[in-house]
Amino acid sequence: MGDLVLHRLPELDRLSDRRGDSGAVAKQVRQVAALQGNVLQKTQAVMILMTVLSLIAAAVAVANLMVASIGERSGELALLKALGATDAAVSRLMLPKAAISLLGAIVGALLGSGVAQLIGRVVFGSGITMRPMVFVLVFVLLAVTVLLASASSIRSILNLKPAEVLHGR
């Protein structure tokens, strides 16, 4: 809406030049439109910042979950590696945790969309239009975040030295 008004500001200037006496009204409309555009740009910047911070928090939470899981199972994983389990087999043991994290992230995104709808109805009296591409983008960002956070922990499993872990170091 604000962008539409900002793009039509030259038209407002032409109209105010033709009418002469209504220049003050057009000037006020121009100022309101410019302020509305600035508010919308700042709101959009805050939303992008909140999204980035949320993704960082999700990555830290998933990485923490994976590290804790590896810490609890380090003896078991070291024993499997000592008995000849491949790196791929050991890594596959940690994938269900990553899948659970991804599922939790998706459920959180859906709940967040529902809360946004609720707030939109209560505060503004109308629903929020959700574009399908936004859901696809959110899913891809969540999947990449979970995979990157899980990959760092899984990589630490692969560097595990069974003799050191089993000996208690």
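The following questions and answers examine a predicted model of one protein chain.

The model is predicted: local features need pLDDT of at least 70, side-chain atom pairs count only at pLDDT 80 or more, and totals for chains, interfaces and linings use all residues. Residues are numbered from 1 along each chain as its sequence is written, and side-chain values use heavy atoms, with hydrogens and water left out.

Me: How many helices and strands are there in the protein chain?
Reply: Helices (H or I, at least four residues) and strands (E, at least two) are DSSP runs, numbered from the N terminus. Along the sequence the pattern reads α-α-α-α-α-α. The count is therefore six helices and zero strands.

Me: What percentage of the residues of the protein chain count as buried?
Reply: Buried means under 20% relative accessible area, exposed over 50%, and partly exposed in between (1.4 Å probe, protein chains only). The protein chain has 169 residues, and the share that counts as buried is 20%.

Me: Which residues is Met-94 in contact with, leaving aside its neighbours within four places in sequence?
Reply: Contact means heavy atoms within 4.5 Å. Met-94 is among the core residues with the most contacts inside the core. Leaving aside neighbours within four places in sequence, its partners are Met-66, Ser-69, Ile-70, Arg-73, Leu-77, Ile-154 and Ile-157.

Me: Is Ser-113 buried or exposed?
Reply: Ser-113 is found in helix H4. Leaving aside neighbours within four places in sequence, Ser-113 is in contact with Met-130 and Phe-135. Because its relative accessibility is 16%, Ser-113 counts as buried.

Me: How far apart are the end C-alpha atoms of H5?
Reply: The expected span of a helix is 1.5 Å times one less than its number of residues. H5 has 27 residues, so it should span 39 Å. In agreement with this, the computed distance between its end C-alpha atoms is 38 Å.

Me: Which residue meets Arg-73 in a salt bridge?
Reply: A salt bridge is a side-chain nitrogen of Lys or Arg within 4 Å of a carboxyl oxygen of Asp or Glu. Side chains of opposite charge can pair when their charged atoms come close. At 3.0 Å, N to O, the partner is Glu-76.

Me: Which residue meets Asp-87 in a salt bridge?
Reply: The structure holds two salt bridges. The side chains meet at 3.5 Å, N to O, and the partner is Lys-81.

Me: How far apart in space are Ala-163 and Lys-81, C-alpha to C-alpha?
Reply: Ala-163 lies in helix H6 (residues 162–167) and counts as exposed at 62% relative accessibility. In sequence, Ala-163 and Lys-81 are 82 residues apart. In space, C-alpha to C-alpha, the distance between Ala-163 and Lys-81 is 9.6 Å.

Definitions and conventions
Core = buried A, V, L, I, M, F, W, Y, C linked by side-chain atoms within 4.5 Å.
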